[in-house]
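Morning, everyone. Let me put the model up, and then I'll walk through it element by element.

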Amino acid sequence: MVAREWESNTAKPSWTQSYRPSAWLTARLAVPAVLVVCGITVLSAALTWSRDRLGGPYPTCWYEVSVFGASGTVTAASALLGLSIGTLAGLTLRRTVPAMAAGLFVSGLVTVVLGMLRDSLWPTMRDTFTPGDDYI
């Protein structure tokens, strides 16, 4: 959206008005951000509702990759991250198609890297016991 404004030269006149450029950017991003969060919330709630209706556990644990990335606040955070990366790419590149490609690439890269690092972010615990104890 922002790169399109730069390509069509409608950003420059709006930045010379009496309001700040940050207010212009906020006005351009507020509606998409609200729509993205509302849409992701509905989809995440539908996934949670459908998983509860299955006979057995869909994936066994909540921390599996397919469940963790598709439910809860992670989906909304990922969508907002993608929106902000795309906006930053549009502001820096000022071309629509390269900004979309860069935003998609960087968002995917961040998702893959965080997925690989997620296991190392868990706190480690060590517990020792002797065989025969009533350790459950």
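Residues 24 or more positions apart account for 55% of the contacts in the chain with a separation of 6 or more. A contact here means heavy atoms within 4.5 Å. Before going on, the ground rules. This is a predicted model, where local features need pLDDT of at least 70, side-chain atom pairs count only at pLDDT 80 or more, and totals for chains, interfaces and linings use all residues. Residues are numbered from 1 along each chain as its sequence is written, and side-chain values use heavy atoms, with hydrogens and water left out.

Now the fold. The chain has six helices and zero strands. From the N terminus on, the order reads α-α-α-α-α-α. Of the 136 residues in the chain, 18% are buried. The cut-offs are these: buried is under 20% relative accessible area, exposed is over 50%, and partly exposed is in between, with a 1.4 Å probe and protein chains only.

Helix 5 next. It covers residues 73-93, which is 21 residues. From its first C-alpha to its last it reaches 30 Å, close to the 30 Å expected at 1.5 Å a residue. That expected span is 1.5 Å times one less than the number of residues. Which residues of helix 5 are buried? Thr75, Ala76, Ile85, Thr87, Ala89 and Gly90.

At 25% relative accessibility, Val74 counts as partly exposed. Setting aside residues up to four places away in sequence, Val74 touches Phe68 and Gly69.

Thr73 and Ser44 are 29 residues apart along the chain, and their C-alpha atoms are separated by 8.7 Å. Val74 and Ser44 are 30 residues apart in sequence and 9.8 Å apart in space, C-alpha to C-alpha. Is Ser44 buried or exposed? Its relative accessibility is 10%, so Ser44 counts as buried. Beyond neighbours within four places in sequence, Ser44 is in contact with Ala70, Ser71, Gly72 and Thr75.

At the other end, go to Arg94. This residue is in the loop between helix 5 and helix 6, just after helix 5. Arg94 has a positive phi of about 60 degrees although it is not a glycine. With 41% relative accessibility, Arg94 counts as partly exposed.

On to helix 6. Its 26 residues should span 38 Å at 1.5 Å a residue, and its end C-alpha atoms are 36 Å apart, which agrees. There is a kink, though. Where is the kink in helix 6 centred? On Gly115, with an angle of about 30 degrees. The bend at a residue is the angle between axes fitted to the seven residues ending there and the seven starting there.

The buried residues of helix 6 are Ala99, Gly103, Ser107 and Arg118. Take two of them. Ser107 has 17% relative accessibility, so it counts as buried. Not counting residues up to four places away in sequence, Ser107 touches Gly82 and Ile85. Arg118 is buried as well, with a relative accessible area of 12%. The C-alpha atoms of Arg118 and Val65 are separated by 9.8 Å, and the two residues are 53 apart along the chain.

Last item, the largest pocket. About 390 Å³ of space lies in it. Of the 15 residues that line this pocket, the closest to its centre are Val74, Ser78, Thr111, Leu114 and Gly115. On a 1 Å grid over the protein atoms alone, a pocket is an open set of points where a 1.4 Å probe fits, with protein on both sides within 12 Å along at least five of seven lines; lining residues have an atom within 4 Å of a point. Grid points are joined across faces, edges and corners, and the volume is the space filled by probe spheres set on the points.

Which helix gives the most to the lining of the largest pocket? Helix 6, with seven residues. Helix 4 (65-68), helix 5 and helix 6 (96-121) each supply at least two residues of that lining. By class, the lining has eight nonpolar, six polar and one charged residues. Ala, Val, Leu, Ile, Met, Phe, Trp, Tyr, Cys and Pro count as nonpolar, Asp, Glu, Lys and Arg as charged, and the others, Gly among them, as polar.

Conventions. Helices (H or I, at least four residues) and strands (E, at least two) are DSSP runs, numbered from the N terminus.
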